[in-house]
Amino acid sequence: MAAERPIQPPSPFPETAPYWQAAAEGKLLLKRCAACGAYHFYPRVLCPFCFSATEWRAAAGTGIIYSFSVMRRAAIPYAIAYVTLAEGPTMMTNIVDCDLDAIRIGQKVRVVFKPAENGQAVPMFTPA
């Protein structure tokens, strides 16, 4: 198994505290608009589509790779990607626990949680 890359801890804000608390419990949350029903990422108080109030919802934790790049010049190579979640939004994340040469656009992935340097769980994705 390759060495693990250190993960910088997130800087939670009051608006994102439920997201990080859920991550610590191994759950991925998304914001969903209470009026139009659209999911979005990153978490916001108001819907970016209709400006109505939003609510937290559990996400399936699955998606497909929309785009990715492998960073090989880093001390420990890693993959950064945009993953389109089953609920619709696309989030920037890392692809982990796999052969970096085997990553493909359109590949199915599932959420995993990796500890940051301070122990906070950070959602990332691995091939499904």
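**Aromatic contacts and strand pairing**

Biologist: Over the face of which residue does Arg-5 lie, and at what distance from the ring centre?

Modeller: Arg-5 lies over the face of Tyr-78; the criterion is NZ of Lys or CZ of Arg within 6 Å of the ring centre and within 35 degrees of the ring normal. The model is predicted: local features need pLDDT of at least 70, side-chain atom pairs count only at pLDDT 80 or more, and totals for chains, interfaces and linings use all residues. Residues are numbered from 1 along each chain as its sequence is written, and side-chain values use heavy atoms, with hydrogens and water left out. For Arg-5 and the ring of Tyr-78, the distance is 3.8 Å.

Biologist: Over the ring of which residue does the charged end of Arg-44 sit?

Modeller: The charged end of Arg-44 is 4.3 Å from the centre of the ring concerned. That ring belongs to Tyr-42.

Biologist: How are the rings of Tyr-19 and Trp-20 arranged?

Modeller: The whole structure has three aromatic pairs, counted for rings of Phe, Tyr and Trp (its six-membered ring) with centres within 6.5 Å; planes under 30 degrees apart are stacked, over 60 edge-to-face, and the rest tilted. The ring centres of Tyr-19 and Trp-20 are 4.9 Å apart and the planes stand at 90°, so the arrangement is edge-to-face.

Biologist: Which parts of the chain does the pair of Tyr-19 and Phe-41 link, and how many residues apart are they?

Modeller: This pair is tilted, at 5.9 Å centre to centre with 50° between the planes. Tyr-19 belongs to helix α1, and Phe-41 to the loop between β2 (39–40) and β3 (54–58); helices (H or I, at least four residues) and strands (E, at least two) are DSSP runs numbered from the N terminus. The two are 22 residues apart.

Biologist: Is Phe-41 buried, exposed or partly exposed?

Modeller: Buried means under 20% relative accessible area, exposed over 50%, and partly exposed in between (1.4 Å probe, protein chains only). Tyr-19, at 5%, therefore counts as buried, and Trp-20 is buried too. Phe-41 has a value of 23%, so this residue is partly exposed.

Biologist: Which residue is the bridge partner of Pro-115 in β8?

Modeller: Strands pair if DSSP finds at least two bridges between them. β7 and β8 form a hairpin with five residues between them, including Gly-119, whose phi is positive at about 95°. The partner of Pro-115 is Ala-121.
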